[in-house]
Amino acid sequence: MSCAILSQRTGFLKPTCFAMRVSDTALTILGACCILLRSYTKRARRKRDARVVFRAPWRVLIVQEQERRRSHVQRRNPSASGNAFHTGSASSPLHHTGPGKRWLPGPGYFLPGSRSGGAASVLRQQPPRSILGTVPATGEQGSLRRPPATDPTAYDAFADAYDVHWGSFSLTWLKVFGLLIGGRLEPEARVLDLCCGTGQLAGELVARGYSVVGLDGSRRMLMRARDNAPGVGLVQGDARGFGLRSCCDAVVCMFDSLNHVLTSDELRAVFRSVHDCLLPGGLFLFDLNTETGYRRHWGGDYRVTSGDFDVATRSKYYRRRRLGVFRACISRRGDPTGAVAKVELWQRCHEPSEVVSALTAAGLVDIEAYGTEGDALVPDWIEGSERVFYLCERPGAPSAP
Ligand SMILES: C[S@@+](CC[C@H](N)C(=O)[O-])C[C@H]1O[C@@H](n2cnc3c(N)ncnc32)[C@H](O)[C@@H]1O
């Protein structure tokens, strides 16, 4: 305003006033830009905060829900830990997965074309959030910064659900047993079912006339085995070092049990124990998940509904470390406590060359490997096969009965 008056009076200041007017305008525009930028930044920040605010209560709710359940369980039963169910009733009826839903990641899966039918269902779908929210993400503890250790008791919290849903899968291996060693055993031969789990296979071998001992690291699995396999001697022990000496005509170890042994040194220790417990000429049959199997079936979330159990599972395979992790949250329908048992199982994919050299180092000979193609066993077909069966023996002639 004063500039305009001055310029009217003098005419001298005209160019200066013009310049000042331009700079005023520029300043005004700059100021407006600043205001716009500030409000934009504020809005963006508010948006980001809104996202955080949206996410946080969800997490908090899950934690609160877990806390609520835990305190509820502890109030009802002070000795109960949130990790295990109370002792279940007698053995549950066996169930098998339905046709077309046979392949299942986790503590094992079974030969294609094997048993089917029954009440259980395996759903290839995301478990509901309420359950999945409690399954630790594979990225969390699965980061492998702390390498997992072999844990022979890891199945304790899993035993009841395993028995109902997975336990009978081992009956599939009867066919393999019959094909590879059945014909080479005396009718009353002594067989050790190493890592016998809930004992269905052992029970079936007893029914066929063999004298069977089952050994497992998990007490709870053995409790289920006691119900499923009357007549089987049960021993709680560690496959990496058990004390049976030269007493068995055969040892079987099925359903990727030896994948649970997580180092090659430990695998060698298992084979040494097996060697020592076999009689001269005794046979050893076991199976292992292969790289192909892990790559195909370990990764993703599944929900299994079987018997009373609702099992939300999550698995992942770490290729470079050759390690797989399977996590599950198990709840029992109708359980008023709403208890959720959590299970974490690690497996290692042992290289075939490693397996053969460990067997050889343990003194086992005549090693044969069979891949699986559909229902058939294919000698030496390891590449591409999802499961491999190994057969070998302790050297020496079997002594006369
Ligand atoms: C996938 S389950 C298979 C069970 C059984 N062989 C079957 O076919 O159903 C693996 C079993 O191996 C047992 N196990 C794992 N590591 C073990 C170890 N170091 N010593 C003894 N048992 C072990 C577990 O307790 C579990 O029962």
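Asp366 is located in strand β11 (residues 365–373), where strands (E, at least two residues) and helices (H or I, at least four residues) are DSSP runs numbered from the N terminus. The model is a predicted one, in which local features need pLDDT of at least 70 and side-chain atom pairs count only at pLDDT 80 or more, while totals for chains, interfaces and linings use all residues. Residues are numbered from 1 along each chain as its sequence is written. Asp366 has a positive phi of about 50° although it is not a glycine. Asp366 is exposed, with 11 other C-beta atoms within 10 Å. In this classification a residue is buried if 20 or more other C-beta atoms lie within 10 Å of its own, exposed if 12 or fewer, and partly exposed in between, with C-beta atoms placed from the backbone.

Strand β11 runs antiparallel to strand β12 (residues 376–379), and four bridges join the two; strands are taken to pair if DSSP finds at least two bridges between them. Within this pair, Thr372 stands opposite Leu377 in β12. The two strands form a hairpin with two residues between them, and Gly374 in the turn has a positive phi of about 60°.

Cys329 has Lys342 in β10 as its bridge partner. Strand β10 (residues 340–348) is largely enclosed by the rest of the structure, because seven of its nine residues are buried.

Strands β3 (residues 211–216) and β4 (residues 233–236) run parallel and are joined by four bridges. Val213 stands opposite Gly233 in β4. From β3 the chain passes through helix α7 (residues 219–228) to β4 in a right-handed β-α-β crossover; right-handed denotes that, with the strands pointing away from the viewer, the path from the first strand over the helix to the second runs clockwise.

Arg226 lies in helix α7. Arg226 is partly exposed, since 15 C-beta neighbours lie inside 10 Å. The C-alpha atoms of Arg226 and Gln200 are separated by 9.9 Å, with the two residues 26 residues apart along the chain.

Ala202 belongs to helix α6 (residues 200–207). Ala202 has 29 other C-beta atoms within 10 Å and is therefore buried. Ala202 and Val191 are eleven residues apart in sequence, and their C-alpha atoms are 8.8 Å apart in space.

The largest nonpolar core has 83 residues, and those with the most contacts inside it are Val251 and Val252. Such a core is a set of buried Ala, Val, Leu, Ile, Met, Phe, Trp, Tyr and Cys residues joined through C-beta atoms within 7 Å. In soluble globular proteins, nonpolar side chains tend to be buried together. Val251 touches Leu192, Leu194, Val274, Cys277, Leu278 and Phe284, with residues up to four places away in sequence not counted.

The loop between β5 and α8 contains Phe255. Phe255 counts as buried because it has 24 C-beta neighbours inside 10 Å. Phe255 has a positive phi of about 65° although it is not a glycine. Thr263 also lies in the loop between β5 (248–253) and α8 (264–277). With 14 other C-beta atoms within 10 Å, Thr263 is partly exposed. Thr263 and Cys349 are 86 residues apart in sequence and 9.6 Å apart in space, C-alpha to C-alpha.

The ligand is surrounded by 24 residues, of which the closest are Ser170, Cys195, Gly197, Gly217 and Phe255; a residue is near the molecule if its C-beta atom, placed from the backbone, lies within 6 Å of it. The shell comprises eleven nonpolar, nine polar and four charged residues. Ala, Val, Leu, Ile, Met, Phe, Trp, Tyr, Cys and Pro count as nonpolar, Asp, Glu, Lys and Arg as charged, and the others, Gly among them, as polar.

Over the whole chain there are ten helices and 13 strands. Of the 401 residues in the chain, 41% are buried. Among contacts in the chain with a separation of 6 or more, 68% are between residues 24 or more positions apart.

Conventions: Contact = placed C-beta atoms within 7 Å.
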